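Okay, everyone, thanks for coming.

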Amino acid sequence: MSSLARPSTTAIIAATVGTLVTGFVAYAIYFDHKRQTDPEFRKALKRESRREARIARTQAEAQGAQQKEAIKAAVDGAKAEGFPTDVEDKEAFFMTEVARGETLCQDGSDQVEAALCFYKALKVYPQPSDLISIYDKTVPKPVLDILAEMIATDPSISVGRFGSSDGGSQHGIDD
């Protein structure tokens, strides 16, 4: 008889879950009704949505400005370090930087540092436009975008007529 007087644990859990689900459904119905019938509530929701979008846009712009500053600082730092001038040193430097850049791309840890490695390799490569076409096929797009910004900040890199019909067709790039 004692089992009739005392509810089982599963019954208590089922009742608790049922109560919580019922409360959630009731709140959802109330919220939906309030949203549909109260114009002030709708306006407040729209205002809040616009405010959140404005904050997100401001944060994205600030982050973009910070990234541009980081890119410029990285390029300036690389220029200050200098680049090898001897052919054998250039080749070893190129191989080292490309390997580091590929490793950083696979890790996904620091895209600016990965792009900087590819940038340094590009600086010592004799035909930058050829290397850019290779990067275009192998480097992930976010890193490639950062690399493009680095190239844009450094006028000493001559990419020539990259993408023109005579230069691009040699490399299997269709116009």
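So, does H4 pass H5 in a left-handed or a right-handed crossing? It's left-handed. Keep in mind that this is a predicted model.

Let's stay with that pair. Helix H4, residues 87-107, packs on H5 at about 160°, and the two axes sit 8 Å apart. Angles over 145 degrees count as roughly antiparallel, so that's how H4 and H5 run relative to each other. On the H4 side, the contact includes Phe93, Phe94, Val98 and Leu104, along with charged residues such as Lys90 and Glu97. Over on H5, they meet residues including Ala114, Cys117, Phe118 and Val124. Tally up that contact and you get ten nonpolar residues, one polar and six charged.

Now turn to the other partner. H3, residues 39-81, packs against H5, residues 111-124, at about 40°, with the axes 10 Å apart. This time the crossing is right-handed. H3 brings Gln67, Ile71, Ala74, Val75, Ala78, Lys79 and Glu81, while H5 answers with Val112, Leu116, Tyr119 and Lys120. That contact splits into seven nonpolar, one polar and three charged. Lys120, by the way, turns up in the H4 contact and in the H3 contact.

Last thing: how far do we trust it? The chain averages a pLDDT of 84, with 87% of residues scoring at least 70. Confidence is highest in H2, residues 9-37, at a mean of 92, and lowest in H8, residues 165-168, at 42. Across residues 162-175 the pLDDT is below 50, though the stretch does have 13 contacts beyond near neighbours in sequence.

Notes. Residues numbered from 1 in each chain as written. Predicted model: local features only at pLDDT ≥ 70, side-chain atom pairs only at ≥ 80, totals over all residues. Heavy atoms only, no water. Axes fitted to C-alpha atoms, helices over the stretch in contact; angles between N-to-C directions. Helix = DSSP H or I, 4+ residues; strand = E, 2+ residues; numbered from the N terminus. Left-handed = near helix turned anticlockwise from the far one by under 90°. Contact = heavy atoms within 4.5 Å. pLDDT = per-residue confidence, 0-100. Parallel < 35°, antiparallel > 145°, perpendicular 65-115°, else oblique.
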